[in-house]
Amino acid sequence: MIELIGADEKQRRRARLERIAGRNVALDADLMREVAAIIENVKRRGDEALIEYTARFDGVELTCDRLRASEDELHHAAARLEREVRDVMREAARRIRAFHERQRERSWEMRSNGTRLGQRVRPIERAGLYVPGGTASYPSSVLMNVIPAQVAGVERIVVATPPQTLAENPAVAAALVELGVSEVYKVGGAQAIAALAYGTRTVPRVDKITGPGNKYVAAAKRLVFGVVGIDSIAGPSEVAIIADETADARSVAADLLAQAEHDEEAAVVLVTTRGDLADAVRREIEIQLEMLPRRAIVEASLRNYGALIVVGDMDEACAVVNELAPEHLEIIARDAEAIADKIKHAGAIFLGAYTPEVVGDYFAGPNHVLPTGGAARFSSALGVYDFTRRASMLRYSREELERTARMIAVFARAEGLEAHARSALIRLDQQATQDVSATMDDGLRVALKRIKPRVRELRAYTLRSERAPIKVNQNENPFDAPERIKREALRRFERRAWSRYPDFVPVELRRKLAAFAGWDEEGIIVGNGSNELIQATMMVTLGEGRRALLSEPTFALYRQIATVLGADVLSVPLTERLTFDVAALRRAIEREDPDLTIICSPNNPTGGVIEEDDLVRLLEKASGLIVVDEAYFEFAERSAANLLRAHPNLIVFRTFSKAMAMAGWRVGYALAAPEIAREIGKAVLPYNLNAFSQIAAEVALEMYDAELLPLVQALIRERERLFEALQEISGLSPVPSKANFILVRSRIEPRRVYDELLRRGILIRDVSGYPMLADCFRVSVGRPEENDLLIEALREIFARS
Ligand SMILES: NC(=O)c1ccc[n+]([C@@H]2O[C@H](COP(=O)([O-])OP(=O)(O)OC[C@H]3O[C@@H](n4cnc5c(N)ncnc54)[C@H](O)[C@@H]3O)[C@@H](O)[C@H]2O)c1
Ligand SMILES: N[C@H](CO)Cc1c[nH]c[nH+]1
Ligand SMILES: [Zn+2]
């Protein structure tokens, strides 16, 4: 009666497994059509349809006013229950509740960078619980449905169950009364599911339907999903048993029969490495079957969907079970845990010779409402979580929106959704919000319309103007310009006529720079800080329809100016280790042919440098210009300037603001092929560099070796010392740097570290708003005593947290 399939009979095995898998309601088109018609009828005709179907399928004549079980009816039925059964049921309920209490979920919230993000857990408001009862009664399913719903805190619990089960078995009513459930409808099958999903005059519509049932119930749940929630497809029962020679054939047969007696559609499968065990189990089934009152159902189930499968080894057994994804799996074999580790799909797993599946049906605590028909691949046992919903909660501070709105807009535009982009950007700055403000002067509103929209959407490049005794936030030279340089510059300035313009072309400064940088005078342009030269270079290369390529995160001004000028900004992220992704840059250059590529090396704010070989590869690939911004090159003790002669598309930017200790005088310079320099010069204003800055820069160059180089070397040593000290602080992870600053990953929110240090008189840079750097701050290398204080403060902050 039950098919026995030998280890070599692969074809028969495949056919049998396919037949069992074919029980899945989703695959049975006739059943779905039949059930869809029932649902449609209930939806249209309500109670009238319920009464008709109950008469037809359950043989019970009802009226509208008897569809709901009265409290009297429930109590009356419950009173008939034997005390022993009641006591056992109470003990089962206690165990089931204890298990499900562990499933309670809490709401949670995380705070970082001025955001509060969380998940709020709330119970379902109205749950409809189906308790089966066509050919048997299931008081255990009352417990399994109601208890998790109660633990979750569901406000309104509504039960539907076929009428005969209430009348015939007092245990169902007793379980309901025991748990305090009073809203019970005497309707079963697909019609009950339809009534709970759509509501009728008598039966209320619910938010979610849970519970097991036969194939009609399972198909109906599948069809109403979407109108209401469902737990899973918990249809006709299934058990698979993996057994080896240690298994007792009588027990195995009994366990298979236990599930077969549920339904003619139940599936029971033994998978064993022993042919002799399979034979013995087959014999045992025949013997034990004789004693069973539901013999006809069992026989049909074994014939339809039973199988004793012999396999070569345990791996093969696990593969068969994983394919079935059964509702229940028993493992009665040596090293059951190790076998269980190989099982990917099963609703519940019962380990060892003394854990028959029935312990889970009634008593152990875990829920017996389980996915069938392969649904264990994607759903789980009914639980408290089925009766809750999770709502995400988001709150952004103004600062965090300012930090991220631009990225949100980039994403929105990548989807072609401009209104999304504007929704994020409109809150960014005063001007943008005032645009939509009713109080704004009409003339101003009209005037502002003339500003390019992409500029209005940009966040201004600013820095918080906080002050502190130790200032390590701007990568300045902490030693200040040496006295000798200052005195000599002031002496020369005193002797100069202040009424005269500076030189139109700062010839002397260019001559000195040429000697310092080893490059041709005509290929040098001097600017009011290197920022001016970045702007000038972009002005002559970028505009609408032009492309700039950046490697981000990097100095924010590049993107800012390119955007103002109307160019498209392409970005290649740094690698996870925050190094240049040279392969990706090459691909971007090849694909996009950018007019200008900017490599900041050492990169601000990460501190990494581009290797010369890599840069050469980019220069060779690019037909556009490549700028290497060397604001910090003295600390890296390397430069790309030696590549200028071989690569006319290279421009090198430098500054006097860092190693030269002259940030206050705004001097920068660019090195490029003379022809390129001449073109960039066209965008530079006449007399852009004032007389004093020119003189100070000349003196700094003259005295560089004697006065400034020792300071640079001291800062490099301090950088290495600071790096090691930061590395030793638990919760901090500094990023290797070749500049005069260090980027630090922090376990504590960067904003908090910033505040804590500021309270101790130390000003650092919070760079958490940069892409990829949400957990980072940046510190400039200070004087030794400043670095000591910084290290001490950080040790204290991180020791406390
Ligand atoms: N997967 C699980 O978690 C789990 C748990 C417990 C029980 N079960 C399963 O629940 C099922 C209980 O089945 P049941 O039949 O005893 O009770 P049931 O309540 O699921 O189904 C009875 C209803 O089916 C409907 N019905 C019967 N014949 C019909 C037909 N020809 N056309 C349309 N509707 C028809 C009737 O309306 C009847 O009220 C079994 O299959 C059992 O294996 C599954
Ligand atoms: N084995 C069923 C789940 O498939 C649950 C049950 C209830 N009562 C008896 N058995
Ligand atoms: Zn069972």
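**Close-up views of a predicted model**

**View 1. Leu732 has Ser746 as its bridge partner in β24.** The model is a predicted one, in which local features need pLDDT of at least 70 and side-chain atom pairs count only at pLDDT 80 or more, while totals for chains, interfaces and linings use all residues. Residues are numbered from 1 along each chain as its sequence is written, and chains are lettered from A and ligands numbered from 1 in the order in which they are written. Helices (H or I, at least four residues) and strands (E, at least two) are DSSP runs numbered from the N terminus. Strand β24 (residues 741-746) and β23 pair in the antiparallel sense over 4 bridges, where two strands count as paired if DSSP finds at least two bridges between them.

**View 2. The open sheet has 4 strands, in the order β23-β24-β27-β26, with antiparallel pairing.** Because β23 (732-735) and β26 (765-766) stand at the edges, each with a single partner strand, one side of each is left without a neighbour in the sheet. Helix α32 (residues 750-759) lies across β24, β26 and β27 (776-780), and runs at about 40 degrees to β27; axes are lines fitted to C-alpha atoms, for helices over the stretch in contact, with angles from 0 to 180 degrees between N-to-C directions, and contact requires C-beta atoms, placed from the backbone, within 7 Å.

**View 3. Ligand 1 is surrounded by 30 residues, the closest being Gly134, Gly188, Gly189, Pro212 and Gly213.** A residue is near a molecule if its C-beta atom, placed from the backbone, lies within 6 Å of it. Helices α3 (47-58), α9 (189-198) and α10 (215-224) each supply at least two residues of this shell, which divides into 14 nonpolar, 13 polar and 3 charged residues, with Gly counted among the polar ones.

**View 4. The shell around ligand 2 consists of Tyr138, Ser140, Ser141, Ser237, Gln259, Glu327, Asp361 and His368.** Of these residues, 1 is nonpolar, 5 are polar and 2 are charged. Ligand 2 lies between domain 1 (3-23 + 236-365) and domain 2 (26-230), because both give residues to its shell; the domain bounds come from an automatic or database domain assignment.

**View 5. An unreviewed UniProt entry places the feature "binding site" at Tyr130, Gln191 and Asn214.** Although these residues are spread over 85 residues of sequence, they cluster in space, with a largest C-alpha distance of 12.7 Å. Tyr130 is in strand β4 (residues 126-130). Such UniProt annotations, given in the numbering used here and with shortened feature names, may be inferred rather than shown by experiment.

Note on methods: Two residues are in contact if their C-beta atoms, placed from the backbone, lie within 7 Å.
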